[in-house]
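Please look over the sequence and the structure shown here before reading on. The briefing that follows is arranged by topic.

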Amino acid sequence: MMEETNHQDSRIVPPIMHLDAFPFEVFSNIFSHLAQADILRCMAVSRLWAARIPAYSVRCWASVRLYSERGGLANRRLAACLGPHVRRVSLSGYKSAQELELTLRVLIDLDCLYIESLAKQKWEEFYNTHAAFIPSFYHALRQLSVCLTSISFLRHSGTFDFFDVISACPDVTSFDCSLTEAGEMWACKMPIRTEITHLCLSSRRTRFDPQLELILFQCRKLKFFATNNPWIQSPEEIDKLVRLCPSIQYFEYGFGSMRKARHYRNKYFQDDKQSKGLRELTVSGIRMTQDMTNVFQHLERLIMVTCLLTLASFPPTLRLDHLRVLVCKLVGCDEPFNLATVLRMCPNLEELSTNSFPLNTDMTQALTETPRLRKLVLRHNMMLRPEDDLALDDLLRAISSLPLLAHLHLCNLLTPRTVRYLANLASLERLEIEIAKAEVVPQLVTALSVNAIAPPRIRTLVLNNMGNLSNLLALDKLSNFEHLEHLTLDGSFIDGSLLQKNIEMRGTHARFPIISLYTPSSAQLPRLKNAVSSPSPSIHTAQGPLKAWNG
């Protein structure tokens, strides 16, 4: 009898929860925490759930990405979830204009008429598409452009005309286009004035395209522009850009991808600051051989990569009073002009980064004339010679005299003998050191702990290419680093047992996350994980944070 009862109990199936059992707000809150794929799976439970869930999950469908290879809107459950609440749509992998047009028609039929952006973060509209657009496609796009302000064509392999898109979407303010080797963008139709403020144009085939000037002439409200079109690589054309687009604030020219520019673009969407001229300029591979006062006079940020500077581009009367950030990578100068001359033109400079500078008295004197400097990155690519000792002393003495310096990064410039100069930097909070000679590591770490780290309140210390720290008692010196909170060991090897010993010496109240950017061996993992046993700092590797070792 007992066995029969148990057999009957085991066959009892719990009733399915009815969607009317709780208020609408409860289920709406539950579904708002689910991913879109999970919502579609839930809709497959029953017809009742398939009918009710779209109303509960409205907040999850503000952004939608449609893949051609996955069926797109042919998925009936996905189509049932779309409607006027959709704000951002991305189409990926569509290979024909008819297929794209059909998808846009379905969006119109679903009443998705309030789309604001055809791009969201890394989701880009028309991503990896191959279609050559036809008039009926533009007609469908026009019906969706009631609230459209942003449109993107990324990795596009087809052809289209810029002014056809603008005619279909007249209120677009952000236009982003990157073409593959097979893709083409024309500007042959009737030019019309645009509302575009942010424009990114790049192509795998960096070819000369004079149509770019025609496009820029119609973008009078342009604030942000990034391209790799060789038409604009000369100083004359950059000056023409400033004249064609009086509201321009950011310009980037480079041979590589504009991906960084696309992410940086978002900074200016909420920036209503009235600009008097170009504020930020990033150029690559340009020979500056003419007067660029009109371009430079209002700059706040200047980044130059593999450029050649001449006295003609920086006349003696030029004053860069607004410049706050200067980055020079592989920048050459025509003698007698040099980087020190540029520094003297920037009295309000706050950040300086360079890997090509002369180690001489002129550069040292120029650094002392920038008292507002807060971040300094100096990379000396050449090995120091014995005759450079005097110039190196003068340089570090000049750095130690900067009263506001909070972030210092030195590459191949610090020796155990010159570490003592850092003790005068009372405002220093972050110190990064790169070194080429492994034999000076013990003396350098000892000198840092004794002379430099203890007096200032340095909170972040980054040691790059320090080699093997296991055979040194270098980490024992960290017990003198009273205010240190973050330690980064990049390109170094560390022993977990030595690290654990150091943590015990510092006590339970000391805390600093140790970020170690290397791949530990399987033999070292147990010791490193023992070092993060509670209470202790967290340790991070390139693969993510290490958890406490359990045996």
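**Briefing on the predicted model**

R430 and E432 form a salt bridge, with the closest N and O atoms 2.7 Å apart; a salt bridge here is a side-chain nitrogen of Lys or Arg within 4 Å of a carboxyl oxygen of Asp or Glu. This is a predicted model, in which local features need pLDDT of at least 70 and side-chain atom pairs count only at pLDDT 80 or more, whereas totals for chains, interfaces and linings use all residues. Residues are numbered from 1 along each chain as its sequence is written, and side-chain values use heavy atoms, with hydrogens and water left out.

**Overall make-up**

- The protein has 18 helices and 26 strands, where helices (H or I, at least four residues) and strands (E, at least two) are DSSP runs numbered from the N terminus.
- Of the 551 residues in the protein, 49% are buried; buried means under 20% relative accessible area, exposed means over 50%, and partly exposed lies in between (1.4 Å probe, protein chains only).
- Among contacts with a separation of 6 or more, 68% join residues 24 or more positions apart, a contact being heavy atoms within 4.5 Å.

**Salt bridges**

- The structure holds 16 salt bridges, and one network of them links E213, E237 and K240.
- The side chains of E280 and R301 meet in a salt bridge of 3.9 Å, N to O. Because E280 lies in strand β12 (residues 280–284) and R301 in strand β14 (residues 301–305), this pair ties together parts that are 21 residues apart in sequence.
- E280 counts as buried at 4% relative accessibility, whereas R301 counts as partly exposed at 27%.
- R344 forms a salt bridge with E369, the closest N and O atoms being 3.6 Å apart. R344 lies in helix α13 (residues 339–344) and E369 in the loop between α14 (361–368) and β19 (375–379), so the pair ties together parts that are 25 residues apart in sequence.

**Nonpolar core**

- The largest nonpolar core has 129 residues, and those with the most contacts inside it are F175, L216, F225, F296 and I399; such a core is a set of buried Ala, Val, Leu, Ile, Met, Phe, Trp, Tyr and Cys residues joined through side-chain atoms within 4.5 Å.
- Leaving aside neighbours within four places in sequence, L216 is in contact with several residues, including L199, F225, W231 and L244.

- S400, in helix α15 (residues 389–400), counts as buried because its relative accessibility is 11%.
- A polar atom of the S400 side chain lies 2.7 Å from the backbone oxygen of R397, and beyond neighbours within four places in sequence, S400 is in contact with Y421, N424 and L425.
- W186 is found in strand β8 (residues 184–186) and is partly exposed, with a relative accessible area of 38%.
- Although W186 and F162 are 24 residues apart in sequence, they are 6.0 Å apart in space, C-alpha to C-alpha.
- The W186 side chain makes a polar contact with the side chain of E184 at 3.5 Å; a polar contact is a pair of N or O atoms within 3.5 Å, and within protein one must be able to donate a hydrogen and the other to accept it, with residues adjacent in sequence counting only if both atoms are side-chain atoms.
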